[in-house]
Amino acid sequence: MLVISAGTVCSSKVRGKISQCYNLIEVDAPESDCKRWHLKVYRVFSKGEKEKVVDSII
């Protein structure tokens, strides 16, 4: 099981060297009867930069 805890862009607290951010989760199935899904998770920072965290077929 993959569990992702989203960050926040409205808190002044930060952890480590990562600045304020939130997680963008995209799940795509190529066809309606498809049993495999493409999962992408990005960390989005307050200035709009995106960092890919996960890119997997599940």
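Tutor: Ser46 lies in the loop between β2 and β3, in a model that is predicted. Ser46 counts as exposed because its relative accessibility is 57%, and exposed means over 50%. Although Ser46 and Ser19 are 27 residues apart along the chain, their C-alpha atoms are separated by 8.2 Å.

Strand β2 covers residues 38-45 and strand β3 residues 50-57; they run antiparallel and are joined by 7 bridges. Within this pairing, Val44 stands opposite Lys50 in β3.

In one of them, Glu26 is paired with Lys40, with the closest N and O atoms 3.9 Å apart. This pair links distant parts of the chain, since Glu26 belongs to strand β1 (residues 21-28) and Lys40 to strand β2, 14 residues apart. Lys40 is buried because its relative accessible area is 17%, under the 20% limit, whereas Glu26 counts as partly exposed at 27% relative accessibility.

Another salt bridge joins the side chains of Glu51 and Arg43, at 2.7 Å from N to O. Glu51 is partly exposed, with a relative accessible area of 34%. The side chains of Asp55 and Lys52 also meet in a salt bridge, at 3.2 Å from N to O. Asp55 counts as partly exposed at 44% relative accessibility, and Lys52 counts as partly exposed at 47%.

How values were computed:
Residues numbered from 1 in each chain as written. Predicted model: local features only at pLDDT ≥ 70, side-chain atom pairs only at ≥ 80, totals over all residues. Heavy atoms only, no water. Pairing = 2+ DSSP bridges. Helix = DSSP H or I, 4+ residues; strand = E, 2+ residues; numbered from the N terminus. Buried < 20%, exposed > 50% of the residue type's maximum accessible area, 1.4 Å probe, protein only. Salt bridge = Lys/Arg side-chain N within 4 Å of Asp/Glu carboxyl O.
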